[in-house]
Structures are given as C-alpha cells and as structure tokens.
Amino acid sequence: MTASLLAGQSGISPAAELSCSAQSGNTTVPLLELYTSEGCSSCPPADEWLSSFRQSGLVPDRVVPLALHVDYWNDFGWEDSYSQKTFTDRQYRLADLNRMRSVFTPQFVLNGRNLSRWHSQTDSEIKRINATAPLARITLVLSRHARKIGITADAETNNQAAQTDLYLAIYENNLSHDIGAGENRDLTLHHDYVARQLIGPMPLKDTGKIHFVRDISLDKSWKASDMGVVAFVQNRNNGEVLQALSLPLCR
C-alpha cells in the first residue's frame with residue numbers, strides 16, 4: 001500500500017480541509033473480520049486480540065482488521081450500542097457461503113473464510129495470502145472538513161467482474177464501555193476497528209471497474225481522530241475477498 005497526505009500548505013487551521021489517499025499494492029492484503037458482541041462473555045479475549053494488531057506492525061500493509069458487532073445478543077440483558085442488524089445479516093450470508101449450520105461469537109473470518117483456530121492459524125494464513133498476486137486494485141481518497149468526510153473510491157478487477165462488489169466501512173478505534181448487565185456485567189470492555197457504518201454491496205460494472213463518491217456526516221459521538229475507512233472487493237458467489245485497503249481519516 002502507498003499513502004499520502006495532502007495538506008495544501010503548512011499551518012492548517014482545524015477548520016481547513018484535509019485530503020489523504022492510499023492505493024493497494026502488488027500483494028494481496030486480506031480482510032480480517034471479527035463478529036462479536038458486548039453481551040457475549042467469550043468475546044472480550046477476541047476483542048483484545050484484534051486490538052493487539054494496532055501494535056503488531058501488520059496493519060495496514062499486511063492485514064485489514066474490522067470488528068462487526070452483531071445484534072442477536074441484545075435480548076440477553078445488555079444492548080450493544082455498536083451492534084447493527086446489517087452486520088448480523090452479513091455474518092449469516094458468510095455462514096451460508098462457508099456451509100455452516102449456525103453463526104456464533106466470537107467468529108473470525110479471513111478473506112471470507114471461517115478462521116476456526118485464530119490464535120494459531122492467523123499468522124501463517126496472512127503470510128500465505130500476502131504471497132499471492134492481487135486480483136483487484138483499490139484507490140481511496142478521503143477529504144475531511146469539520147464533521148464531514150468525502151470518500152472517493154475506485155476499484156478494478158481483471159476477472160470476475162460480473163460477480164464482484166465493492167464495500168466500504170467506516171471504523172473507529174479507542175472505544176470503551178462500562179457494562180451494566182448481561183454476561184459481561186461490571187466489566188469495562190475496550191474495542192478497536194469497530195465498524196460504524198457499512199456501505200455496499202456495490203457491483204462492479206461489466207468493465208470490471210467502479211467509481212464511488214459520497215459525502216458522509218460523522219455522528220456527533222464519533223471521534224474523528226480515531227476513525228478510518230476500509231475498502232474491499234469481494235466475490236459475491238463464494239465470499240472471497242480479492243483485495244482490502246485501509247486508510248485513517250486525514251489528520
């Protein structure tokens with residue numbers, strides 16, 4: 001991945017517009033999804049492990065992490081404010097593609113494939129995927145002005161054009177909650193790479209390309225300094241992620 005920050009000129013005021021960009025490189029960078037919930041007692045170790053990637057040196061050049069909080073735990077004593085039905089629906093779809101009979105938390109999915117032995121299996125799988133040539137190319141350009149961000153994304157693949165979609169996810173780091181009920185009652189849980197919004201699927205055209213532009217207003221509770229955008233291209237028929245790219249919001 002290559003990235004650049006375009007500041008316009010030095011001494012920018014906080015209200016000035018910032019622009020930054022990133023482009024995928026010559027290796028495949030996998031998407032590592034964690035399906036989790038604050039209502040699940042076995043999830044905190046998985047959340048902590050995903051957070052450790054911030055200091056691992058693997059992000060974002062070798063792996064793109066993303067935590068998606070599901071909503072089916074919300075009826076068991078604690079409502080996870082990060083949860084969305086959209087994320088639950090995505091987990092069920094991936095379960096179907098992996099021919100799994102049920103969904104569960106915590107679950108790690110690497111490039112669309114269930115990762116059952118995530119403690120011992122992830123490093124070798126990331127290395128294996130990094131060694132493969134990418135099947136898609138992605139470019140991200142972000143602009144930031146006050147509480148609004150502009151997203152421009154371009155994706156291209158040389159094959160499977162009729163079967164591939166572009167997704168974008170806005171994520172946030174450095175989150176914590178004091179849990180007042182449910183299986184994790186009285187614990188303080190910490191989270192990183194938490195998906196705040198998932199955009200897609202957006203089908204690539206017959207040319208194998210897509211150009212996406214959208215302005216998004218940040219929720220007042222979101223901390224812009226801890227946020228970023230993930231883009232990935234996925235085969236809709238088998239769930240394989242062809243390429244992933246991550247870019248923090250412009251600082």
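Author: Let us begin with a term: helices (H or I, at least four residues) and strands (E, at least two) are DSSP runs, numbered from the N terminus. In this predicted model, local features need pLDDT of at least 70 and side-chain atom pairs count only at pLDDT 80 or more, while totals for chains, interfaces and linings use all residues. Residues are numbered from 1 along each chain as its sequence is written, and side-chain values use heavy atoms, with hydrogens and water left out.

Reader: In which strand does Q107 lie?

Author: Q107 belongs to strand β5, which covers residues 107-110.

Reader: Is Q107 buried or exposed?

Author: Buried means under 20% relative accessible area, exposed over 50%, and partly exposed in between (1.4 Å probe, protein chains only). Q107 has a relative accessible area of 4%, so Q107 is buried.

Reader: With which side chain does the side chain of Q107 make a polar contact?

Author: A polar contact is a pair of N or O atoms within 3.5 Å; within protein, one must be able to donate a hydrogen and the other to accept it, and residues adjacent in sequence count only if both atoms are side-chain atoms. Here the partner is the side chain of N114, at 3.0 Å. As for contact in general, the term means heavy atoms within 4.5 Å. Neighbours within four places in sequence aside, the residues in contact with Q107 are E33, L34, Y35, Q91, M100 and N114.

Reader: Which residues touch the most other members of the largest nonpolar core?

Author: A nonpolar core is a set of buried Ala, Val, Leu, Ile, Met, Phe, Trp, Tyr and Cys residues joined through side-chain atoms within 4.5 Å. In soluble globular proteins, nonpolar side chains tend to be buried together. The largest core here has 38 residues, and L31, L32, F53 and F108 touch the most other members. A second, separate core has 32 residues, including C20, L142, L168 and M227.

Reader: Where is the peptide bond from T105 to P106, and what is its omega?

Author: That bond is cis, with omega near -10 degrees. P106 sits in the loop between α2 (85-97) and β5. The bond from V59 to P60 is cis, with omega near 0 degrees, and P60 is in the loop between α1 (44-51) and β4 (64-69).

Reader: What is phi of Y193?

Author: Phi of Y193 is near 60 degrees, a positive value in a residue other than glycine. Y193 lies in the loop between β11 (188-191) and β12 (194-203), and is buried because its relative accessible area is 4%.
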